[in-house]
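Visitor: I would like to be taken through this structure feature by feature. Please give the general idea first and then the case at hand.

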Amino acid sequence: MYRSALFIDLNNFALFPTLPVGLIVSAMRGSEWDVDVLSPLAVGVPGIPRPTRAPVWGYWDERARWWSATTPSRSVRSIRKALDTLRPHQRDTTSKRLMDAVEVRLNRSPKVVLISAYLMYFEAVRRICALCAERGIPVLLGGPAFHEEATRREWAAIDGLTGIYAGEAEQGLLEALNAVLGRGPDPQGLTRPGGTDGGLAPPAQDLDAAAYPDYSDFPWDRYPNRIVSMLTGRGCGWGVCKFCSDVVTVAGRTFRSRTLENVLGELEFHAKVHKTRLFCFSDLKLNSNLEMWRGLHQGMQRVVPGAKWTCAVHVGPREDEGLSEEDLRAARESGLVRITAGFETASPAMLNSMRKGSRPERMAEFLANAHGAGISTRVTAFTGYPGEGPEDLDLTTRFLEQHGRHVERVHLSRLSVQAGTPLDEEMRSGRLEDLGFGLMDEQPALASIAHTNSRTTSRAYRKSITRLLRAVHTINRRPIQGDARELEGAM
Ligand code: B12
Ligand code: SF4
């Protein structure tokens, strides 16, 4: 039978099965493919630990990380890079344990190997391709971040790789499979080594047409809780933040939504099949489609009694964002125990410059309402946007000090410029040079661009950063509300 495939899921996230892999496997089985799924966790490779409560020394750890990442000293940066490669997750995806497991599966002679990978898994993919090349087995690679031609070019040079599919699998997967097996023409989105670039496949349109993801191959006994990842749509209803790489990825382009009935049907299906009532919605912003958002509040407990769930929302500029006190109470009653919002900063000037569409006072109101409704809140924020000065950081610090009682977790990171974003274009145009912001090093294989930001090296800026890190640490040291604990770290 030529329809036998090995699917290697490199996205080793230890809390729940990988949604895109479940979707693809389901589509292949529906087309009579015999698929063997290899999940690293199933063969004992631990996943990336997700952040939970900050340890006592967390503040000092964060200070050291911030300093080593922003110092102009190239030697410190390269030591940091070297230390990064020693982190356990980097070792694990290329570990002997995983490669041995790959060899065992390859010895069953699949006709094709599929790999789903984030860009940080280059080395693992290279090794797997080498093993496949020894046996003459074609390899089809896909993942969220193959949207840039320069990235595909770097990856297409991997020995033993037959093709990279840049697109949502619902749109062209079976054609791509036939093509790498030499049984059909190359569809749009399929890039071949040494050939011309295959571009990007168009975004999938009829999302209801896809079969529900098949999670039966994942190591359920190794997850701490039985969480199912759900997706009601693709892209983000706002979609214009200049730094946002989510809306330029293959599945993030343009906003599309499933129907409520289709989503409720899937919730009911997973609850029965996997005996669970815990759900993590991976939508970029679940309140993009208010009909879906409010429909979930009304329908959730009907289809899954006792359901608990978590999601991310945008506290944006629309008059009705679905986040009123009443909405959030309804959400809580439907089982929403933890909510995440992209806060980014409390500086109105920075928010405008990013085109974030949020206002600090609206964010404060949202946090108070969510907390008041009994929902555990988490916000994401980052420093280092072009033009940001100590006064902007101080606004964020003051906001967290003032409203911190309504926030349970803050995920604070440093800006990273991702290829294909409006910020990337702005930086390349030289328009940010006056702000001391410029390109340092292109990393096409990672779709990432290292940058310099001279403003972050001033004494005043560094002082403001330490105050901000302290405010974040104070929040992250607190224990989390009981009800949300089962979903802590899922996002
Ligand atoms: C939900 C999510 C998570 C969740 C769940 C992840 C999981 N493994 O299930 C959590 C919070 C755990 C998470 C963690 C991380 N994530 Co994440 N995450 C997302 C998010 C928001 C949605 C992912 C998703 O479900 N998309 C919907 C599905 C349907 O789309 P998809 O994954 O692209 O898959 C489609 C196509 O790519 C294609 N496809 C995929 N694989 C294959 C394989 C083949 C053979 C073929 C033909 C096609 C194909 O078909 C799929 C179906 O349509 C994306 C943002 C985004 N825009 O995608 C980031 C994103 C995927 N994450 C990213 C990152 C960096 C991370 C972390 C490393 C962050 C961190 N530092 O901790 C970790 C690492 C997790 C890991 N790899 O083990 C990056 C990856 C970028 C990259 N360079 O590759 C993204 C794109 C965000 C971003 N813009 O930077 N993440
Ligand atoms: S609201 Fe969030 S997902 Fe939407 S464009 Fe902005 S950063 Fe991206």
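Visitor: Which residue takes a positive phi in the hairpin of β16 and β17?

Guide: Ala-447 does, with a phi near 50 degrees, and the hairpin has four residues between its strands. Strands here are DSSP runs of E with at least two residues, helices are runs of H or I with at least four, and both are numbered from the N terminus. The model is predicted, so local features need pLDDT of at least 70 and side-chain atom pairs count only at pLDDT 80 or more, while totals for chains, interfaces and linings use all residues. Residues are numbered from 1 along each chain as its sequence is written, chains are lettered from A and ligands numbered from 1 in the order in which they are written, and side-chain values use heavy atoms, without hydrogens and water.

Visitor: Which strands does β17 pair with, and in what sense?

Guide: Strands of a sheet pair through backbone hydrogen bonds, either parallel or antiparallel. Pairing is counted when DSSP finds at least two bridges between two strands. Strand β16 (residues 437-443) runs antiparallel to β17 and is joined to it by six bridges; Glu-442 stands opposite Ile-449 of β17. Strand β15 (residues 417-418) is also antiparallel to β17, over two bridges, with Gln-418 opposite Ser-448.

Visitor: Why is β17 described as largely enclosed?

Guide: Strand β17 (residues 448-453) is largely enclosed by the rest of the structure because five of its six residues are buried. Buried means under 20% relative accessible area, exposed means over 50%, and partly exposed lies in between, with a 1.4 Å probe and protein chains only.

Visitor: What is the strand order in the open sheet of six strands?

Guide: The order is β2-β1-β3-β4-β5-β6, with mixed pairing. Strands β2 (34-38) and β6 (190-191) stand at the edges with a single partner strand each, so one side of each has no neighbour in the sheet. Within the sheet, β1 and β2 run parallel and share five bridges. Strand β3 (residues 112-116) is parallel to β4 over four bridges, and Leu-114 has Leu-140 of β4 as its bridge partner. Both faces of β4 (residues 139-142) are covered, with Val-139 and Leu-141 buried on one side and Leu-140 and Gly-142 buried on the other.

Visitor: Where is Ser-4, and what is it in contact with?

Guide: Ser-4 belongs to strand β1 (residues 4-9) and stands opposite Asp-34 in β2. Contact means heavy atoms within 4.5 Å. Leaving aside neighbours within four places in sequence, Ser-4 is in contact with Trp-33, Asp-34, Ser-109, Pro-110, Lys-111 and Val-112. Ser-4 counts as buried because its relative accessibility is 15%.

Visitor: How many residues has helix α1, and what does it pack against?

Guide: An α-helix has 3.6 residues a turn, so residues three or four places apart point the same way. The expected span of a helix is 1.5 Å times one less than its number of residues. Helix α1 (residues 19-30) has 12 residues and reaches 17 Å from first C-alpha to last, close to the expected 16 Å. Its buried residues include Leu-19, Val-21, Leu-23 and Met-28, and the buried residues of α1 pack against β1, β2, β3, α8 (173-180), β7 (227-230) and β8. Just after α1, Glu-32 has a positive phi of about 65 degrees.

Visitor: Which residues are around ligand 2?

Guide: A residue is near a molecule or strand if one of its heavy atoms lies within 4 Å of it. Around ligand 2 are Cys-236, Trp-238, Gly-239, Val-240, Cys-241, Phe-243, Cys-244, Lys-285, His-314 and Lys-356. Val-240, one of these residues, lies in the loop between β8 (233-234) and β9 (256-257). Val-240 is partly exposed, because its relative accessibility is 34%.

Visitor: How many disulfides does a search of the whole structure find?

Guide: A disulfide is a pair of cysteine sulfur atoms within 2.5 Å. The search finds zero. The cysteine sulfur closest to that of Cys-129 belongs to Cys-132, at 6.2 Å, too far for a bond. Cys-311 is likewise in no disulfide, with the nearest cysteine sulfur, that of Cys-280, 8.8 Å away. Cys-311 counts as buried, at 0% relative accessibility.
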